Amino acid sequence: MGQAEPTGTDRESPDAGTGAVEEVEVRGHIVDSLLLPKVLDRILQMGGSFEIRECVIGTRRVDPSRAVIAVRAETPEKLDEIVGDLIEHGAWPLHAEDARVVPADVAGAFPEGFYSTTNQPTQVRVGGRWIDVLDQEMDCGLTVSGDPPTARCVAMADVPLGMPIVVGHVGVRVVPLERPRDASPFAFMSSRVSSEKPKAVSLRSVAGSIRATRQAGKKVLLVGGPAIVHTGSAGHVARLIREGWIQLLFAGNALATHDIEQAFYNTSLGVDLEKGEALEHGHEHHLRAINTIRRLGGIRQAVESGRLTSGIMYECIRSGVDYVLAGSIRDDGPLPDVITDTLAAQRAMRAAIKDVGFALLIASALHGIATGNLLPASVQVVCVDINPATVTKLADRGTFQTIGMVTDVEPFLRSLAAELAGP
Amino acid sequence: MVKTPWILMCPPRFYGIEYEINPWMNRRVKSDPDKAARQWQALHDALIGLGAAVELLEPVEGLPDLVFTANAGLVYRDLFLSSRFRYGERQGETPVFDRWFAEHGFRVEHTPDGMHFEGAGDALFCGETLFAGYRFRSDARTMSWVGDRLGVEVLPLELVDPRYYHLDTCFCPIAPNAAIYFPGAFDEYGRSVLQDRIWTLIEVSAEEAFSFSCNAVVVGRSVLLNRGAPKLARELERLGFAAVPLDLTEFIKAGGSAKCLTFRLDGEDAASWRTAASAATG
C-alpha cells in the first residue's frame, strides 16, 4: 500500500475557525470510481468546506483506498445535512468518543491525567461534535463549558475548584497548521536559524509581514530586551512606534529603565550613547531615572508632566501603544509600571496578545520565550538576536513557527525603520 | 471446452403487482397471469434453445417478485453473497434463495446488518471489475464491503433516475470489455467512469432504454431483451452479437425484464473470473 500521510490539505476558506466539524471516512475504489472527487465536490456545492486528514491510496487495482475527510459547516444543522448526503455516497462518519471532562478537585491545579495543550489549533469533541479550542496556548489545560459548549485553554494557576477540565487524549485532536499556499515571505529561509542569509532579503520579508499584518487589521507585537537601548537603537524603535508599525510592547524593567535613562541622561547603563564612553557616576543614572519615575508615580505621569519627552516608552504613551512590563528577581526599583507578580504579568500578557498577528522578538531571551509560550502557532514569530542560541531555545520550547535572524540589533532596526518608512 | 451456461429462474405462478416499490409498479395496472406465464415460458425456452441449463426455483405464494431471481444475490465462484433487500416487501425472498443456493453447493454469506444490497440487480462484473449501482436499492458503502469480501475492484456508480432503480435496468455488460448503457441513468461522474473503463460502450437512447432494453440476458453472442429496441439491435449486430427480441411487457409492469427474470449461476459471460475458471477447468 502506498502511504501518503498527511496528504494534500484543502480548504474552502483557510481561516475557517468556526462552525461544526465532523470527520467522515470514504473507502473502497474511491479514486477510479470518482467517489472521492464527487464527495469533495458535494461538500463544496452544499456550502461546506473540507480538509483531507488522511489519504491512503491502494497500489494495486484491487486494493481499496481510504480517505478521512473533516467536513466543516457554519452550523450543526448544515453539517448534518451535508454528512447525511455524503452517507448516501458511501462516506461514513467516524464517531469518535467525546472528550472526558472532570471537575477540578484542587484550585490552581488540574485533575490528574489532564490533557496538556500545544500551541497548535486544537479541537475537542463535546456532545458528538468537534469544536475549536479558543485562546490556544501551549502548556495549558482545556476547559469546556456552556451551552452550546465552548472550549478554551486555561493556565494551571487560573483553575478554580470545580472547573470542568479535559482529561486524557480521547476526544481531543490537534489540527496541523496548513502550509500557506502562497509562497511565504520567509520561504527562502530553508533553515530556521541562520547567520548566513542575505540580510536585506530577510529584512524586506519582516517589513512585508508587518505591513500585511497591519493591513489585515491585526497587531504587531514587539518583545524587546535592553540591548535595544545599549546598542543605540531606541530611536529606531521609537520611530516605528510613532509611525504606527507597533501596537503592543512586552519588555522587562530594564528596557524601560534604560530607555528612560537615555531620555534623561543620554546614557545607557552609564555609557554615553554618542561617545561610547562610560561617564563618571554614570552607573547611577538608571537608578536616578527609576527614582524619578517612582517619585512621579509612573511612566504615564512622567510623560504627562512633561518630564519624559523622548524614547520608546514616551512614544508608547503618546501613541496609545499598550505595554506590559514584567518584573524579575534582579530588577532595580523597579519602575512602578512593572508587574512584579509573575502570574499577574502572564495574565496581562495573555490578555494583550489576542489580536496579535506578528511578533518581533528582539534581543530578549527571557521575555521572548515567555511570549512564545503564550502565542498560538498561527502567529508568525521572528526572533532577532546576535546569539543563535536564543532562537534555538525558543524553538526547543515549542515555538516552532519561529524564524531566526542572527544579526546585530542596531543595523537591523535602523534598516527596518527605513524600509517601513519608504513608499 | 466452454461450460454450459447455468441459469436460475422462478415460474410466475404467484407473480402479480401487489405493492408499489418502484415507479413502474401501479397496483391498478394488473399483470395478466396467462400472458405473463406465456412470456416467461418464451424466455425460458429461448435460453434452453441457446444451450443453457435452466434451474427452476419453486414459487412461493405471497412473494410475487420471487420471479426476479436476478436480485437473489451475487455469485462469485462458489460464494453466494445473499441480498439484503431495502424493502420489507421483498425481504421474505431471502430465506428461499438462501436455501436453494445452499442446497446447490454454494457457500451462502450475507452483507452486515443494515447494509442494503440487491445482488446482481446492482452488481455486475465487466471484465475483472465489479460495477455497482447505488442510491435506490443498494448502499454505496455496502459495495465497498463487497469489494473487500471478494477481493475485487468495485466501482460504485450513483443511479440518478428512479425509473432505473437497479444498475441492471440501465447497464448491461455483454463481454469482458463491452457493455450497453443508458447515459441518462447516471450522473457525470458515473458516465466518466464507464467511458473511461469500458472499451466498447454502446449508448442506448432514452426511448429504447424506456422499453427496458438494457435489462438484457447475455448467453454467448446472443442478447435476449424486450422487444422495441431496433437501434440497439443493429448496434449489437454490428459488434457480432445477435439481438433476440421477446415480449416481456407483463414483467415491465413490475419494473423488470429479461435480465431480472434470470440469475446466472456460473457467472456472466462478461465476468473475467468465469472465463478464467472455464479455461482452468476446460
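Helices (H or I, at least four residues) and strands (E, at least two) are taken here as DSSP runs, numbered from the N terminus. The structure is a predicted model, in which local features need pLDDT of at least 70 and side-chain atom pairs count only at pLDDT 80 or more, whereas totals for chains, interfaces and linings use all residues. Residues are numbered from 1 along each chain as its sequence is written, and chains are lettered from A and ligands numbered from 1 in the order in which they are written.

In chain A, G224(A) lies in strand β14, which spans residues 219-224. A residue is called buried if 20 or more other C-beta atoms, placed from the backbone, lie within 10 Å of its own, exposed if 12 or fewer do, and partly exposed in between. G224(A) counts as buried because it has 30 C-beta neighbours inside 10 Å. Two residues are in contact if their C-beta atoms, placed from the backbone, lie within 7 Å; leaving aside residues up to four places away in sequence, G224(A) touches V237(A), A251(A), L255(A), I362(A), A363(A) and S364(A).

Chain B contains nine helices and 15 strands, and buried residues make up 51% of its 282 residues. Among contacts in chain B between residues at least 6 apart in sequence, 65% join residues at least 24 apart.

Two strands are said to pair if DSSP finds at least two bridges between them. One open sheet of chain B has three strands in the order β6-β7-β8, with mixed pairing, and its edge strands, β6 (123-126) and β8 (153-158), each pair on one side only. Angles run from 0 to 180 degrees between the N-to-C directions of axes, which are lines fitted to C-alpha atoms, for helices over the stretch in contact; neighbouring strands of this sheet are turned by 30° against each other on average, direction ignored. Strand β7(B), residues 129-134, runs parallel to β8(B) and is joined to it by six bridges, and G133(B) stands opposite L157(B) in β8(B). Helix α5(B), residues 188-197, packs on the sheet by touching β7(B) and β8(B), and its direction makes about 140° with that of β8(B).

A nonpolar core is a set of buried Ala, Val, Leu, Ile, Met, Phe, Trp, Tyr and Cys residues joined through C-beta atoms within 7 Å. The largest such core has 131 residues, and those with the most contacts inside it are V71(A), V124(A), L142(A), A132(B), I174(B) and C214(B). Strand β4(A), residues 65-73, gives the most to this core, with five residues. A132(B) touches, among others, D122(B), V154(B) and L167(B), not counting residues up to four places away in sequence.

Where the chains meet, 17 residues of chain B are in contact with 15 residues of chain A. On the side of chain B that touches chain A, the elements giving two or more residues are α4(B) (140-150), β8(B) and α5(B), and α4(B) supplies the largest share, six residues.
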